[in-house]
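Dear colleague,

My notes on what was found in it follow directly after.

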Amino acid sequence: MTQHISSTLLVPEVSAIPRHVAIIMDGNGRWASKRFMPRVAGHSEGLSAVRKIVEECRRLGVEYLTVFAFSSENWRRPPEEVGFLMKLFLKSLKSEVSKLAENDIALKLVGDLSRFDPSIQEMVRSSEELTAACKSLTFTIAANYGGRWDILQAMQGCLRANPNLQAEQVTEELLQPHLAMAYAPEPDLFIRTGGEQRVSNFLLWQLAYTELYFTDVLWPDFDEAQLRQAFEWFGQRERRFGRTSAQLIAQPMSDVA
Ligand code: IPE
Ligand code: IPE
Ligand code: MG
């Protein structure tokens with residue numbers, strides 16, 4: 001596996017279309033409540049939005065799409081809602097995976113899967129295997145994921161792989177391969193629907209230089225046009241990575257540290 005550039009060590013190349021889009025799909029419950037429906041109806045509807053966005057990302061040439069489906073803190077929700085989400089997760093894995101494979105989309109799961117039912121763990125394993133060779137888009141679902149969990153498990157993995165490492169010898173290069181999403185470049189664009197302007201323990205390490213886009217649109221209403229709007233906004237950002245505007249004009253695609 002090639003090691004991706006760390007935005008704090010080297011200035012990555014920038015492109016008009018984000019290579020990696022990370023989304024916090026928020027607002028399902030409010031979408032349902034507004035319609036006097038149970039919160040869980042919003043989760044079912046949210047799945048249709050996921051299908052649309054996956055397809056549109058592939059069409060627009062995004063290489064990596066990562067969505068936050070269930071955070072390490074979402075276990076705090078009422079057991080009925082958690083149970084519903086688990087069933088929906090398993091059901092949709094089963095029904096969607098062959099379509100992903102047909103569309104050349106690789107599926108990946110990140111998060112602490114050990115807490116999930118064995119039937120889900122097995123389905124995740126077989127889905128990843130079935131789509132492993134797909135190349136058009138890598139679609140990652142973050143489930144029982146937490147940014148702090150990720151950094152800690154990466155540190156543990158790093159120390160396990162280098163048992164004689166002294167504290168001062170720990171570097172980004174040694175840690176990065178152990179992060180859950182080491183296979184992907186850092187996200188270029190982060191989108192959060194549902195109106196909140198927070199990161200809620202999503203990809204804490206990886207968001208260092210990501211452009212952050214917040215919209216009030218509730219996740220089930222987020223569609224292809226909404227995504228293109230976010231991309232337009234992204235296209236207008238000046239990604240300086242610590243440098244000045246004048247430096248960017250002089251050397252727009254710098255790959256120097
Ligand atoms: C996001 O929608 C989906 C999950 C967290 C699983 P919410 O369920 O958080 O919806 P709101 O924020 O309560 O409206
Ligand atoms: C973040 O949404 C997690 C997911 C979308 C899976 P939450 O609804 O759980 O976030 P908070 O609690 O409002 O920060
Ligand atoms: Mg929410």
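In this predicted model, the lining of the largest pocket draws at least two residues from each of helix H1 (28-34), helix H2 (39-60), strand S2, helix H3 (79-102), strand S3 (105-110) and strand S4 (137-145). H3 is the greatest contributor, with 10 residues. In total, 44 residues line the largest pocket, and those nearest its centre are Met25, Asn28, Phe68, Ala69 and Phe70. By type, the lining comprises 22 nonpolar, 10 polar and 12 charged residues. The volume of the largest pocket is about 1100 Å³.

The largest pocket is also where ligand 2 sits. The residues around ligand 2 are Ile24, Met25, Asp26, Phe68, Ala69, Phe70, Ser71, Asn74, Arg77, Arg192, Arg198 and Ser200. Of this shell, 5 residues are nonpolar, 3 polar and 4 charged. Strand S2 (residues 64-71) gives the most to the shell, namely 4 residues.

Which side chains place an N or O atom close enough to an oxygen atom of ligand 2 to count as a polar contact, for which the limit is 3.5 Å? Among them is Ser200, with a polar side-chain atom 2.6 Å from an oxygen atom of the ligand. For Asn74, the distance from a side-chain N or O atom to a ligand oxygen is 2.9 Å, and for Asp26 the corresponding value is 3.2 Å. Ligand 2 has 390 Å² of accessible area on its own, and the protein covers 79% of that area.

With kind regards

Notes. Residues numbered from 1 in each chain as written. Chains lettered and ligands numbered in written order. Predicted model: local features only at pLDDT ≥ 70, side-chain atom pairs only at ≥ 80, totals over all residues. Heavy atoms only, no water. Near = heavy atom within 4 Å. Polar contact = N/O pair within 3.5 Å; in protein donor to acceptor, adjacent residues only side chain to side chain. Areas by Shrake-Rupley, 256 points an atom, 1.4 Å probe, with all protein chains shown as cover. 1 Å grid on protein atoms, 1.4 Å probe; cavity = no way out; pocket = protein on both sides within 12 Å on 5 of 7 lines; lining within 4 Å. Sits in = over half its atoms within 2 Å of the grid points. Nonpolar A, V, L, I, M, F, W, Y, C, P; charged D, E, K, R; others polar. Points joined across faces, edges and corners; volume = space filled by probe spheres on them.
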